[in-house]
Each structure stands twice: as structure tokens, then as C-alpha cells.
Amino acid sequence: MTHTIVSASIVSLTCLACVALASCGETAWAHSAGGASSGFSSGFFHPLLGLDHLVAMVAVGIWGAFLGVPAIWLLPVIFPLVMAVGGVLGIIGVALPNVETWIAVSAVAIGLGIALALRPPLWLAALIVGAFAIFHGNAHGSEMPQTADPLSYAVGFVLATGLLHLCGIAIGLLERSRTGRVAVRAAGGIIALLGGGFLTGVL
Amino acid sequence: MNPRRLFCVGAAVLLPDTASAHEAFGDLGPFYTHMLHPAVDPAQALVLVGAGALLTRQPIATVKLAYAVLVVAGALAVSILVLVPFASPGLWLTATTTILLGLLTISGMLLPRWMVCALCAAVAVLAASALDMTGTGLAVLQKAIGGALGLAVTVLFFWGFLDFAVRRIHPVSAAVVGSWIAAVGLLILVLPS
């Protein structure tokens, strides 16, 4: 019993000491990873904080999972490669017309594909995803040269895009159960609606 | 949970700046600075990650030999760099190598053993050239050992990580990562110098 009381007191005192030390934390703020980390985080958060990019990337993963093997892996392989081509165009100053509109259209199209359970041939699905990837890449690429560290930015946004695809695949795999199938198709509908919101300027 | 502990945790949570209040790297000394160099130099890390990904797609017998070649080539390149400093060949070569490694990883082709060894040796030399080996005495020795170890550890780590993903998640995981590597290579190929 005594042992328990002593332990509790020590824990409380330790916690209080930690809180006291924590309140002095501002002075110790000292990150120094420099341009590499800021470039990486800037690139990494670009697809995550842009809701239009985010929903479209997740949609690609969901659609891939929905279409099954080999699309489940083929689409996430094709997308970054074609997106890089779009990124290259953006970096060298070739601005594609209506990029934001096409990004919104990608969310609508792929979202509808999921919601309506469309299963086009693999080549057509790859073509659709690839075409949209160019616009996503162009949007990322056109902003890249302005960042502190473009190389880290490139690594960050490609990694974030890939991880969003994997998130989409994870969601899409719910399709294996009956309830999950409904949830996945509902998610497709929501993505299409969000895309519509971006397209019309509501969002 | 004990209410007092809960209160303390709650109080700590209200001060989130604390979680960020540590030095990211600081002055680690020549050994650790060079060993951890791939963590702060994305160009160097890219080719090493690419080599790790390529090895994931090759048979284990090839991996053992190619990894040994990479370690030896890295150590030799670092040693030569100490004696004869040579300039880093530039980002275009890193980009080209990265694209090549990424595409080979996507394809999943079983390459001839000599070719995998040659690629690993080239990657080791390229990655080593990113290290700063200026200085004298013990500091240079520490830089050299740390740098060579850093190259070896980075490739081994990514090979192990991807090999785990290939075995436990899906065999095509390496191809997905290969596409990311090739995509980054393609982007940095056109980056303004």
C-alpha cells in the first residue's frame, strides 16, 4: 500500500516537473534540418492539403482496388510516372490549360466510376488515370521551382501521392464484403460530389 | 487511468511546442554526420534507395554478391575521395541513374549478375561523391568510416524494408516503389541547376 502511494506521488511529481519543463519549451525550439526538410514537407503536404488532389489520389487507389488485379497495382504504378511527365512540363514552364478544372473533373470521373461500379477494360482505365495524372503533375511541377529545395519537394510530393494511392487501395479493399461494397461505392459518390463542388467553385 | 496522471497528461498536451523542442541533428561529429548523410541529402538517398529497390527484384544469390560489391566499391570510393578529391558529377547523372534504377525495378527483369554488380558499384561511387572528405587526421578517418557505413546501411535498410513488403504485403510493392523512384528521377532531371 505504502509502495503504491509513494509510486503515485513520484509519478505525480514527475508529471508536474515535466509540465513545468514543458512550459519552458519555447526557448529550446531549435530545428535545423534546413532547406531539405522544408522542401520535403512543402512537397509532401501539397497533395495532402489540396483537397482536390487528395480526393482524386484516394479515388485512383479505390478504383484500382475496385477493378481488382492487375489494376490494383497497375494504376498506382502508372499514375506517378505519368504525373512526373506532367510535372516536367510544369517545371520547364509549359502550363497546361485549365489545370484546376481537369483536376476537379478527375475526381468527378473516377468518383462516378467507383459509385456506378464501372469496370472498363484495363487499357481504358489506365488511359483515363494517366490523362488525369498529367494535370495533377503539372499543378505540382509548376510550383516546384519556387520552393526552397525543389529536389526534396519532388520526393515529398511523389511520396505523398503514392501513400494516398495506398490509402485508397486500403479503402477499396473493403469492397470484398457486401457492406464494404456499399461503403466503397458511397465513397465514390462522395468523391464525385466533392469533385462537382470543386468544378462549380462551391468548394 | 489515475485522474492525477490524466490531469498531467492533459496539461502536457496543452503545450505541444515541447514535442518539437529538440535539435534535429545538431553537431553529431564527423562520424555520425557522414553516416547519416543520406538522411539529409535527398540526391544521395535517391540512388541508394533505387539500388535497394533494384536488389529486391533480384534473386538472393545475386543480392548477396551485388551488396558486397556495393559495400567494397563505396569504401574504395570514399578512400579515393580522401586522397584525390573529385567533384560530384552533378544532378543530371543522379537523375538518370535514378530513372534507370526505377524502371528496372518496375520491370522486375532478372538481370545478369554482372550487370547488377556493375550498377551497385556505380551507385556506390555516385553516392560517395556526395560526401565532403576535406580535413585531416582522425576527423577524415571518422568521416570515411561513417560515410562508407552510411551508404551500406541505407541500401541494406531499404532492401530489407522492401523485401519485407514484397513478401508480406504484395509482390508488386517493389514495382510501386520503383515507379515513385523513376518519377522523382524524371522530375529532378529537368530541375533548374
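This report walks through the helices, cores and ring pairs of the structure above.

The model is predicted, so local features are given only at pLDDT of at least 70 and side-chain atom pairs only at pLDDT 80 or more, while totals for chains, interfaces and linings use all residues. Residues are numbered from 1 along each chain as its sequence is written, chains are lettered from A and ligands numbered from 1 in the order in which they are written, and side-chain values use heavy atoms, with hydrogens and water left out.

**Chain B as a whole**

Let's start with the overall layout. Chain B has nine helices and zero strands; here helices (H or I, at least four residues) and strands (E, at least two) are DSSP runs, numbered from the N terminus. The C-alpha trace of chain B spans about 65 × 50 × 35 Å along its principal axes. Of its 193 residues, 46% count as buried, where buried means under 20% relative accessible area, exposed means over 50%, and partly exposed lies in between (1.4 Å probe, protein chains only). Among contacts in chain B with a separation of 6 or more, 84% are between residues 24 or more positions apart; a contact means heavy atoms within 4.5 Å. The accessible surface of chain B is about 9400 Å², and 74% of that belongs to carbon and sulfur atoms. Accessible areas come from the Shrake-Rupley method with a 1.4 Å probe, and for residues only the protein chains shown count as cover.

**A helix from each chain**

Helix α7 of chain B covers residues 113–128. Its 16 residues reach 22 Å from first C-alpha to last, close to the 22 Å expected at 1.5 Å a residue; the expected span is 1.5 Å times one less than the number of residues. The buried residues of α7(B) include B:Val116, B:Cys117, B:Leu119 and B:Cys120. Their cover includes α4 (42–56), α5 (60–83), α6 (91–107) and α8 (137–168) of chain B.

In chain A, helix α5 (residues 99–115) has 17 residues that should span 24 Å, and its end C-alpha atoms are 24 Å apart, which agrees. Among the buried residues of α5(A) are A:Val99, A:Ile103, A:Ile110 and A:Ile114. The cover over the buried residues of α5(A) includes α3, α6 (122–143) and α8 (178–200) of chain A. After α5(A) comes A:Ala117, with a positive phi near 55°.

B:His37 and B:Pro38 are both worth a look. B:His37 is found in helix α3 of chain B, and B:Pro38 has its place in that helix too, which runs over residues 37–40. B:His37 is buried at a relative accessible area of 16%, and B:Pro38 is buried at 8%. Not counting residues up to four places away in sequence, B:His37 touches B:Gln44, B:Ala130 and B:Leu131. With neighbours within four places left aside, B:Pro38 is in contact with B:Gln44, B:Ala45, B:Leu48, B:Gly150 and B:Thr154. The C-alpha atoms of B:Pro38 and B:Val49, eleven residues apart along the chain, are separated by 9.6 Å.

**Nonpolar cores**

A nonpolar core is a set of buried Ala, Val, Leu, Ile, Met, Phe, Trp, Tyr and Cys residues joined through side-chain atoms within 4.5 Å. The largest one has 53 residues, and those touching the most other members include A:Trp63, A:Ile110, B:Leu187 and B:Ile188. Helix α3 (residues 51–67) of chain A gives the most to this core, with eleven residues. A second, separate core of 33 residues includes B:Val47, B:Ala51, B:Leu111 and B:Trp159. Leaving aside neighbours within four places in sequence, B:Ile188 is in contact with A:Leu151, A:Ala154, B:Leu46, B:Leu91 and B:Ala95.

**Aromatic rings**

Over all chains there are seven aromatic pairs. Rings of Phe, Tyr and Trp (its six-membered ring) pair if their centres lie within 6.5 Å; planes under 30 degrees apart count as stacked, over 60 as edge-to-face and the rest as tilted. Two of the pairs are set out here.

| Pair | Centre to centre | Angle between planes | Class |
|---|---|---|---|
| A:Phe40 and A:Phe44 | 5.6 Å | 20° | stacked |
| B:Phe157 and B:Phe158 | 5.3 Å | 85° | edge-to-face |

A:Phe40 and A:Phe44 lie four residues apart in helix α2 (residues 35–49) of chain A, about one turn of the helix. A:Phe40 is partly exposed at 30% relative accessibility, whereas A:Phe44 is buried at 18%. Ring pairs link A:Phe40, A:Phe44 and A:Phe45 into a cluster. In chain B, B:Phe157 is exposed at 52% relative accessibility and B:Phe158 is partly exposed at 27%.
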